[in-house]
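Please open the model in your viewer and keep the selection tool ready. This tour goes from one selection to the next, and at each stop it says what is there.

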Amino acid sequence: MADPSTSPPLTRSSVQEAHKLILPHIHKTPVLTNTTLSKLASTPRPAAELEGTPWAGRTPAKPVIRIWLKCENLQRIGAFKIRGAFHAIERLKRDKKWVESGGKEKGVVTHSSGNHAQALALAARENNIPAYIVMPDISAAPKIAATKGYGATVIFSGSTSVEREAAADKVIQDTGARLVPPYDHPDIILGQGTLGLELQDQVTEALASPSPPYSSLLPPTQSPRIGLNAIIAPCGGGGMLSGVALSCENTGIRVFGAEPNYEGADDATRGYYSGTRITMVKSLTIADGLRTPVGAYPWSIIYERRLVSGMYSVSEKEILAALRLVYERVKVVVEPSAVVGLAVALFNEDFRAMVEKEGGEEGWDLGVVFSGGNVSLEALGKLFST
């Protein structure tokens, strides 16, 4: 894709410019509230639930959390990834050297477990550009079918990032296609960050209404609420999390990342607190969109610039519990990766204790990003049958 040195600076204003560029191609996804989830998040967990966890013996936290759900599962291709893909293509189209060297005819290539695959396939098709997509052979069948349905040529590989990248390199050698990475590029980050801008504005608008959501859950002394206190987003490669962090820069809104901890999928969390980026992950967590290590560009925003205030992780059991709650209480279709942030708000006692301490009696208005909804009924059945 475009040379990173020619990309706009990684700032909030650049996210705003990216939003203008992709606005004709994306949905402004809705923000939902849910009293049941907010009451659950604001209720101390039974002490018995903490037995066998790192928080056994600790007094359960009692935060006040009002949840705002940014539903990127209702985005085009069913995930936020369309934002970064269209921004990358729009930036490439403005690269005169790429166009004049036959770039549009040679095409684009990427490696992805599914959502970025579909996003790039669609963005390329709408611009009459060939797309070659390297997908792990264990990718979900609906994601493979959708990617092919958007006209892309699919090449299968192993599931690790090293195996995916090697397969993509071969496509580049054979076709001359330009790599559009799933997360580790400034143009992708800026595109993904546009969801953060929308979420901020949508909550501010809702709170300015005559009857703002969650008024019944507030203490009598509550001061006027004007917007979000924080946003929590899932983290795989970190493109979306770092983009959301840029969208909140200098706004006073704090940003947190959420990961699964199964088989070391919490690489960004471990790296954040050790001070060293972890570059290899091999996990089969049910949150299949979060099986990749955090990229170098996202890391520079998340950790080096400290635009992310903390990283938290949850177990497979907690992800499943959050997934069930969303299906039963919110009535929307989401994939396991999408609910990891919600699971942190509901079950991670470190996060909950931090909100209790810093939010006090008034608590926090917390934006929670639902990153996508590409999951098959068969996969859901297997998840809940076990």
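A residue is called buried when its relative accessible area is under 20%, exposed when it is over 50%, and partly exposed in between, using a 1.4 Å probe and protein chains only. This is a predicted model, in which local features need pLDDT of at least 70 and side-chain atom pairs count only at pLDDT 80 or more, while totals for chains, interfaces and linings use all residues. Residues are numbered from 1 along each chain as its sequence is written, and side-chain values use heavy atoms, with hydrogens and water left out.

Begin by selecting Asn348, which is found in the loop between α15 and α16 (349-359); helices (H or I, at least four residues) and strands (E, at least two) are DSSP runs, numbered from the N terminus. Asn348 counts as buried because its relative accessibility is 4%. Now look for its polar contacts, meaning pairs of N or O atoms within 3.5 Å, where within protein one must be able to donate a hydrogen and the other to accept it, and where residues adjacent in sequence count only if both atoms are side-chain atoms. The side chain of Asn348 reaches the backbone oxygen of Ser313 at 2.9 Å, and a polar atom of that side chain lies 3.0 Å from the backbone nitrogen of Phe351.

Select Phe351 next. Which residues is Phe351 in contact with, leaving aside its neighbours within four places in sequence? With contact meaning heavy atoms within 4.5 Å, they are Ile232, Phe256, Tyr312, Val344, Ala345 and Leu366.

Of its 77 residues, Ile67, Leu342, Phe351 and Phe370 touch the most other members. Helix α15 (residues 340-347) gives the largest share of this core, 7 residues.

Strand β1 (residues 31-33) runs antiparallel to β2 and is joined to it by 3 bridges, with Leu32 opposite Leu69. Strand β10 (residues 364-370) pairs with β2 in the parallel sense over 7 bridges, and here Ile67 stands opposite Leu366.

Notes:
Pairing = 2+ DSSP bridges. Core = buried A, V, L, I, M, F, W, Y, C linked by side-chain atoms within 4.5 Å.
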